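Trainee: Could you show me how to read a helix and the core it packs into?

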Amino acid sequence: MGKGEAWINGQSIGRYWVSFLTPKGIPSQTRYNVPRSFLKRTDNLLIILEEENGYPLGISIDTISITKVCSHVSESHLPPVISWQGQNKTEHNNSKKHHGRRPKVQLQCPPGRNISRILFASYGNPTGDCENNAIGSCHSFTSLPTIEEACMGKRICTIPVWSKKFGNDPCPGIPKTLLVDAQCT
């Protein structure tokens with residue numbers, strides 16, 4: 001792909017311009033997401049409007065199967081502003097309503113699949129990301145059982161990033177993060 005625009009079944013999946021190369025001379029972006037809603041079961045039509053320096057016949061479309069879901073959210077991540085509607089200064093003592101404004105981890109498996117295993121869970125200061133993670137110097141030992149109780153067997157689960165959800169604050173004064181990696185089957 002050089003420079004142009006790609007269409008699937010009459011829907012644009014965007015413009016592309018492979019102008020940025022890695023230090024090894026490889027294009028920095030080689031994969032593009034096609035929303036599932038753009039696809040039909042058969043007879044999908046891919047149109048490439050190539051403007052320069054490309055070889056459209058070398059483009060392929062592959063499907064992937066999502067078997068893992070992951071989320072990494074800290075206490076400093078603010079929830080969407082829409083969730084603040086109806087909140088006022090007198091409600092700060094009402095823990096249920098205040099709880100709705102806390103950042104949350106949400107895991108969602110594809111349709112027809114449920115969370116079958118929690119591969120990693122740490123509430124505290126886990127290190128790494130969704131691909132490579134480890135428990136940090138601050139960790140709630142109730143992380144795994146809390147996440148398993150909230151998520152196992154479900155397609156979608158939501159867990160607030162909040163010390164009370166995990167029993168107590170494992171290390172007061174340290175900003176907390178919740179990192180969860182789960183398998184969908």
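Predicted model: local features only at pLDDT ≥ 70, side-chain atom pairs only at ≥ 80, totals over all residues.

Trainee: Which order do the elements of the chain follow from the N terminus on?

Mentor: They run β-β-β-β-α-β-β-β-β-α-β-β, so to speak a list of two helices and ten strands. Of the 185 residues, 29% count as buried. Among contacts between residues at least 6 apart in sequence, 69% join residues at least 24 apart.

Trainee: Which residues have the most contacts inside the largest nonpolar core?

Mentor: Leu107, Ile147, Cys151, Ile159 and Leu178, in a core of 20 residues. At least two core residues come from each of strand 4 (68-74), strand 5 (104-108), strand 6 (115-124), helix 2 (143-151), strand 9 (156-160) and strand 10 (177-184). Take Cys151: leaving aside neighbours within four places in sequence, this cysteine is in contact with Leu107, Ile115, Ile118, Cys157 and Ile159.

Trainee: How should I read the buried residues of a helix?

Mentor: Start with the geometry: an α-helix has 3.6 residues a turn, so residues three or four places apart point the same way. In helix 2, the buried residues are Ser143, Thr146, Ile147, Ala150 and Cys151. They lie on the same side of helix 2 because they cover an arc of only 110° around the axis.

Trainee: What covers the buried residues of helix 2?

Mentor: The cover includes strand 5, strand 6, strand 9 and strand 10.

Trainee: And what comes just after helix 2?

Mentor: There you find Gly153, with a positive phi of about 80°.

Conventions. Residues numbered from 1 in each chain as written. Heavy atoms only, no water. Helix = DSSP H or I, 4+ residues; strand = E, 2+ residues; numbered from the N terminus. Buried < 20%, exposed > 50% of the residue type's maximum accessible area, 1.4 Å probe, protein only. Contact = heavy atoms within 4.5 Å. Core = buried A, V, L, I, M, F, W, Y, C linked by side-chain atoms within 4.5 Å. Arc of directions from axis to C-beta.
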